[in-house]
Amino acid sequence: IVAGDFNMPVDSALYGRYWSTWQNAFSIAGLGYGQTKFTRFFGIRIDHVLASREWQVLTARVGPNLGGDHRPLIVDLQRR
């Protein structure tokens, strides 16, 4: 499991090159855009929870605004 602020969306060339073989929890089980980083003008999903194939992604959602410029990802995983 790898989680954190990647500073890149899933359609980034660098993301595709280094991380595309991992399961992206929000891409699998999330709804909507999954915006985790906010500026005055837009939101984008640059925070990710990735899991190897030995994990099953059950749920993924963006958590509440906790006062920062990023929102948390809340993910439920189950070992296969």
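Predicted model: local features only at pLDDT ≥ 70, side-chain atom pairs only at ≥ 80, totals over all residues.
Trainee: Which residue does glutamate 54 form a salt bridge with?
Mentor: Arginine 79. Their closest N and O atoms are 2.5 Å apart. Arginine 79 sits in strand β7, while glutamate 54 is in the loop between β5 and β6. That links parts of the chain 25 residues apart.

Trainee: Is arginine 79 buried or exposed?
Mentor: Exposed, because its relative accessibility is 52% and the cut-off is over 50%.

Trainee: How many salt bridges are there?
Mentor: The count is 2. Aspartate 69 and lysine 37 also form one, with the closest N and O atoms 2.3 Å apart. Aspartate 69 is in the loop between β6 and β7 and lysine 37 is in strand β3, so the pair ties together parts 32 residues apart in sequence.

Trainee: And how accessible is lysine 37?
Mentor: Lysine 37 is at 18%, so it counts as buried. Aspartate 69 is at 38% and counts as partly exposed.

Trainee: New topic. What order do the strands take in the open sheet?
Mentor: β1-β5-β2, with antiparallel pairing. β1 and β2 stand at the edges with a single partner strand each, so one side of each lacks a neighbour in the sheet.

Trainee: How many bridges pair β1 and β5?
Mentor: 4 bridges, in the antiparallel sense. Glycine 4, for one, has histidine 48 in β5 as its bridge partner.

Notes
Residues numbered from 1 in each chain as written. Heavy atoms only, no water. Pairing = 2+ DSSP bridges. Helix = DSSP H or I, 4+ residues; strand = E, 2+ residues; numbered from the N terminus. Salt bridge = Lys/Arg side-chain N within 4 Å of Asp/Glu carboxyl O. Buried < 20%, exposed > 50% of the residue type's maximum accessible area, 1.4 Å probe, protein only.
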